Amino acid sequence: MAEEKKVFATPVQHDYEVILEPIITEKSMALLQNANKVTVKVLASANKIEIKDSFQRLYQVEVENVHVLNQISKSKSRGGRYKGHVSGYKKAIITLKEGNAVDLFKE
């Protein structure tokens, strides 16, 4: 019996507002390769259901689980003289179902 490929709806403007950008770090790349998990920056007011639906429509893959956390803002200084801060944001770690993959570096 041949596997059927699931067809998702086309993305709408709201999907692009919910999923802002992928987070590219060593840890997130290791999660992507080893555990099939994608880390993305999301809209601060988005919930897990919105994130899941938007991600499925944008990348045309099946999502198994979504973990959401708030990254707090941090104050920074350079040489003790220049003070500033790094903005806080909300991020989601999205687990893809077995057999699905996402290419984050597509042009």
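Lys and Arg count as positive and Asp and Glu as negative, while His and the chain ends are not counted. The place of a charge is NZ of Lys, CZ of Arg, CG of Asp or CD of Glu.

Figure 1. The protein has 17 positive and 13 negative charges, and their mean positions lie 13 Å apart. This is a predicted model, in which local features need pLDDT of at least 70, side-chain atom pairs count only at pLDDT 80 or more, and totals for chains, interfaces and linings use all residues. Residues are numbered from 1 along each chain as its sequence is written, and side-chain values use heavy atoms, with hydrogens and water left out.

**Figure 2. Secondary structure and overall form of the protein.** Along the sequence their pattern is α-β-α-β-α-β-β-β-β. The radius of gyration, taken over C-alpha atoms, is 16 Å, well over the 13 Å that the globule rule (2.2 Å times the number of residues to the power 0.38) gives for 107 residues, so the protein is more spread out than a compact globule. The C-alpha trace spans about 65 × 30 × 25 Å along its principal axes.

**Figure 3. Surroundings of G88.** G88 sits in the loop between β5 (82-86) and β6 (89-96). Beyond its neighbours within four places in sequence, G88 is in contact (heavy atoms within 4.5 Å) with Q71, I72 and S73. N70 is 18 residues from G88 along the chain, and their C-alpha atoms are 7.4 Å apart.

How values were computed: Helices (H or I, at least four residues) and strands (E, at least two) are DSSP runs, numbered from the N terminus.
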